[in-house]
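Subject: Structure for your review

Dear colleague,

I am handing over the structure below, followed by an account of what was found in it. Please read the two side by side.

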Amino acid sequence: MEVRDANAAMLSNYEVYQLLTDLKEKRKEMVKNKHSTGQQNLNTIMYETLKYLSKTPCAHQNPDTVKKFLTSMLPHKLTK
């Protein structure tokens with residue numbers, strides 16, 4: 001694996017939480033009996049990440065809150 005664009009946008013915890021929650025819901029609809037080892041590893045990573053993020057403030061945020069925060073931080077000219 002190689003980094004192609006080091007300046008690519010970063011995801012917030014809220015975005016990761018939403019992405020994994022949506023993915024989990026889609027996967028529930030497509031239940032399959034057989035899971036490969038790679039699939040089991042992915043399920044474990046998703047479970048552990050969602051478990052951690054659900055205990056953080058991102059679980060209670062919404063897109064408007066994140067947008068307001070980012071807008072209010074613009075004058076500070078923060079970098080990565």
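Predicted model: local features only at pLDDT ≥ 70, side-chain atom pairs only at ≥ 80, totals over all residues.

**What was found**

Residues are numbered from 1 along each chain as its sequence is written, and side-chain values use heavy atoms, with hydrogens and water left out.

The chain holds 3 helices and 0 strands, and from the N terminus its elements run α-α-α; helices (H or I, at least four residues) and strands (E, at least two) are DSSP runs, numbered from the N terminus. Of its 80 residues, 11% count as buried. Among contacts (heavy atoms within 4.5 Å) with a separation of 6 or more, 74% are between residues 24 or more positions apart.

**Helix α2**

Helix α2, residues 37–53, has 17 residues and reaches 24 Å from its first C-alpha to its last, close to the 24 Å expected at 1.5 Å a residue, the expected span being 1.5 Å times one less than the number of residues. Its buried residues are Met 46, Leu 50 and Leu 53. They cover an arc of only 65° around the axis, which puts them on the same side of α2; the arc is that of the directions from the helix axis to the C-beta atoms. The buried residues of α2 pack against α1.

**Helix α1**

The buried residues of α1 are Tyr 14, Tyr 17 and Leu 20. They cover an arc of only 135° around the axis, and therefore lie on the same side of α1. What covers these buried residues includes α2 and α3, whereas on the other side of α1 Leu 19, Lys 26 and Glu 29 are exposed.

Gln 18 also lies in helix α1, and counts as partly exposed because its relative accessibility is 30%. Gln 18 and Gln 61 are 43 residues apart in sequence, and their C-alpha atoms are 10.0 Å apart in space.

**The largest pocket**

The largest pocket contains about 430 Å³ of space. A pocket here, on a 1 Å grid over the protein atoms alone, is an open set of points where a 1.4 Å probe fits, with protein on both sides within 12 Å along at least five of seven lines, and lining residues have an atom within 4 Å of a point. Of the 16 residues that line the largest pocket, the closest to its centre are Ser 12, Val 66, Phe 69, Leu 70 and Met 73. Both α1 (13–29) and α3 (63–73) supply at least two residues of the lining, and α3 gives the most, with 5 residues.

**After α3**

Lys 77, in the segment after α3, has a positive phi of about 50° although it is not a glycine. Lys 77 counts as exposed, at 73% relative accessibility.

Best regards

How values were computed:
Points joined across faces, edges and corners; volume = space filled by probe spheres on them. Buried < 20%, exposed > 50% of the residue type's maximum accessible area, 1.4 Å probe, protein only.
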